[in-house]
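Hi,

Here is the structure I said I'd pass on to you.

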Amino acid sequence: MKNIVILISGRGSNMEAIVRASQAGNWPARIAAVIANRADAAGLAFAAANGIQTAVVPSREFPSREAFDAALQAEIDRYAPDLVVLAGFMRILTESFVRHYEGRMLNIHPSLLPSFKGLHTHQQALDAGVKLHGATVHFVTAELDHGPIVAQAAVSVNDGDTEDTLAARVLAQEHLIYPQAVLDFVEGRLTVSQGRVSRA
Ligand code: GRF
């Protein structure tokens, strides 16, 4: 049985989608823990109600990024993770933290990377006038919103869309592609070579 640790900062709907998929299917992995960097992360309640261990490493209480990342790493490693899943985890990570989980840490970003890195991706898409937008699951590298792409889903941008309507359309796709990408990883189907991911 492989161990998955999921990191959240807020609502946790992607975490919820992954937990539900792991409960429904015959996964060779379990969600060992859900860890948040804020005690008020709403998703913690869902995880606890589903019998998953939860922990909070409060980023605000650490004097530096390095000190926080070291404490977070120590907490994560208590669960001997095969995979670390960032699910709406709103932190920029230090290079040494990223290196420690190289090849075993995934993120989801709400845009079709490499377009629209950073925050406010739906507004960025509306401002650019693109007709297609979406979400990307990728391995995490030291560069923000960068790294070998595992899966993407596209949605149309419609006349009259607002940031909220577009976000909702993208989020529905996130909830499909992220659990599938996590399952592909734990089933050993993903290989990364020269920055590209292939799926067996
Ligand atoms: C998602 O849109 C995710 O792509 C982005 O932040 C949002 C988190 O939502 N990184 P949730 O906490 O998973 O509901």
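Let's begin at the ligand: one of its nitrogen atoms is 3.3 Å from a polar backbone atom of Ile 108. Keep in mind while you look around that this is a predicted model.

An N or O atom in the side chain of Arg 11 is 2.5 Å from a ligand oxygen, and for Glu 174 the side-chain N or O atom is 2.7 Å from an oxygen of the ligand. On its own the ligand has 370 Å² of accessible area, and the protein covers 86% of that.

So who else is around the ligand? Besides Arg 11, Ile 108 and Glu 174, the surrounding residues include Gly 12, Ser 13, Asn 14, Gly 88 and Pro 110. Sorted by class, this shell has two nonpolar, four polar and two charged residues.

Now zoom out a bit. The ligand sits in the largest pocket, which has a volume of about 1,000 Å³. Lining that pocket are 40 residues, and the ones nearest its centre are Gly 88, Met 90, Ile 108, Pro 110 and Leu 119. The lining splits into 17 nonpolar, 15 polar and eight charged residues.

Conventions. Residues are numbered from 1 along each chain as its sequence is written. This is a predicted model: local features need pLDDT of at least 70, side-chain atom pairs count only at pLDDT 80 or more; totals for chains, interfaces and linings use all residues. Side-chain values use heavy atoms; hydrogens and water are left out. A residue is near a molecule or strand if one of its heavy atoms lies within 4 Å of it. A polar contact is a pair of N or O atoms within 3.5 Å; within protein, one must be able to donate a hydrogen and the other to accept it, and residues adjacent in sequence count only if both atoms are side-chain atoms. Accessible areas come from the Shrake-Rupley method with a 1.4 Å probe; for residues, only the protein chains shown count as cover. On a 1 Å grid over the protein atoms alone, a cavity is a set of points where a 1.4 Å probe fits but cannot get out, and a pocket is an open set with protein on both sides within 12 Å along at least five of seven lines; lining residues have an atom within 4 Å of a point. A molecule sits in a cavity or pocket if more than half of its atoms lie within 2 Å of its grid points. Ala, Val, Leu, Ile, Met, Phe, Trp, Tyr, Cys and Pro count as nonpolar, Asp, Glu, Lys and Arg as charged, and the others, Gly among them, as polar. Grid points are joined across faces, edges and corners, and a volume is the space filled by probe spheres set on the points.
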